[in-house]
Amino acid sequence: MPRTPLDIVVPDLTGRRAVVTGASDGIGLGIAARLAAAGAEVLLPVRNQRKGEAALTAIRRTAPRADVSLRTLDLSSLASVAALGDALREEGRPIHLLVNNAGVMTPPDRQTTTDGFELQFGTNHLGHAALVGRLLPLLRAGGARVTSQISIAANRGAINWEDLNWERSYDGMKAYSQSKIAFGLFGLELDRRSRAEGWGITSNLSHPGVAPTNLLAARPELGRASDTPGRRLIRALSERGILLGTVETAKLPALYAATSPDAGRGLLYGPGGPGHLGGAPAEQKLYSRLRDAEEAGRVWRISEELTGVPFSAG
């Protein structure tokens with residue numbers, strides 16, 4: 001039996017400028033398309049220009065009047081992050097919505113970013129943290145809402161403070177969890193700092209539950225020649241409507257967190273079904289790994305140190 005489609009109402013976003021990372025396919029593309037259809041000007045910072053052009057075509061097919069454009073961004077390169085920040089600051093236009101959605105997951109063997117960080121920590125967390133830092137003046141000017149996409153993986157594991165880059169021993173899943181815990185703590189600390197300093201930025205978190213997205217698909221550049229067994233199982237359960245979400249429903253928590261007037265700051269939104277694996281978006285209790293403000297402050301400070309980006313709104 002087909003499932004009843006789930007959806008949310010996205011308010012009118014005319015006059016708002018939005019940036020969505022990881023929007024060349026999957027969840028990010030769905031988020032960008034909905035924002036554009038609601039009237040926002042949407043920037044898609046992408047690493048793969050061919051996929052980016054295909055994303056623009058897909059968005060304009062469903063929303064012919066959409067105001068969407070590409071920018072270049074490789075989150076695994078701090079120089080690329082800096083270049084995008086410079087370009088957008090040169091444009092001088094406020095940013096009203098930032099959805100930090102891009103990510104990589106569980107390369108079978110340890111890989112590093114351009115700057116030598118473990119790939120997941122460097123891309124999922126440090127790249128996005130540096131992007132926020134580079135864009136802070138524009139986010140402040142726009143009174144922005146920043147929504148950072150984490151994962152149910154942030155509900156297990158820990159930050160490996162003794163070996164942040166997993167040089168002594170590498171476990172892909174534990175490194176992935178670390179990247180999402182760190183990023184969640186950073187997003188919450190961003191909201192605390194904004195309130196304390198009067199930046200006018202609100203920050204919250206979302207996660208997509210479990211759905212057959214491209215995170216576990218074949219990625220030769222990550223050393224993964226075919227879809228993982230986990231992705232094949234997820235796809236089979238999703239198609240049968242068993243517990244899990246779909247690519248269409250997985251985008252809804254981030255959309256809700258980023259656009260709903262009812263979505264609060266410093267909160268986590270995910271699917272509201274059993275185990276928060278699928279279903280309509282809803283607020284959920286912060287994971288235990290995300291509740292320590294001192295740990296969040298530590299993540300903030302080490303992220304400034306490692307990226308070389310001062311996280312201030314000046």
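At 8% relative accessibility, Lys251 is classed as buried (under 20% relative accessible area, with exposed denoting over 50% and partly exposed the range in between; 1.4 Å probe, protein chains only). Its salt-bridge partner, Glu248, lies 2.9 Å away, N to O (a salt bridge being a side-chain nitrogen of Lys or Arg within 4 Å of a carboxyl oxygen of Asp or Glu). Glu248 is exposed, at a relative accessible area of 52%. Through salt bridges with shared partners, Arg17, Glu41, Arg71, Glu91 and Arg93 are joined into one network. The structure contains 12 salt bridges.

The model is predicted, with local features requiring pLDDT of at least 70 and side-chain atom pairs counted only at pLDDT 80 or more, whereas totals for chains, interfaces and linings use all residues. Residues are numbered from 1 along each chain as its sequence is written, and side-chain values use heavy atoms, leaving out hydrogens and water.

Asp86 pairs with Arg89, with 2.6 Å between the closest N and O atoms. These residues are 3 positions apart in helix H3 (residues 78-91), a separation of about one helical turn. Both are partly exposed, Asp86 with a relative accessible area of 40% and Arg89 at 32%.

In helix H5 (residues 172-197), Arg195 and Asp191 are 4 residues apart, about one turn of the helix. The closest N and O atoms of this salt bridge are 3.1 Å apart. Asp191 is buried, with a relative accessible area of 0%.

Technical notes. Helices (H or I, at least four residues) and strands (E, at least two) are DSSP runs, numbered from the N terminus.
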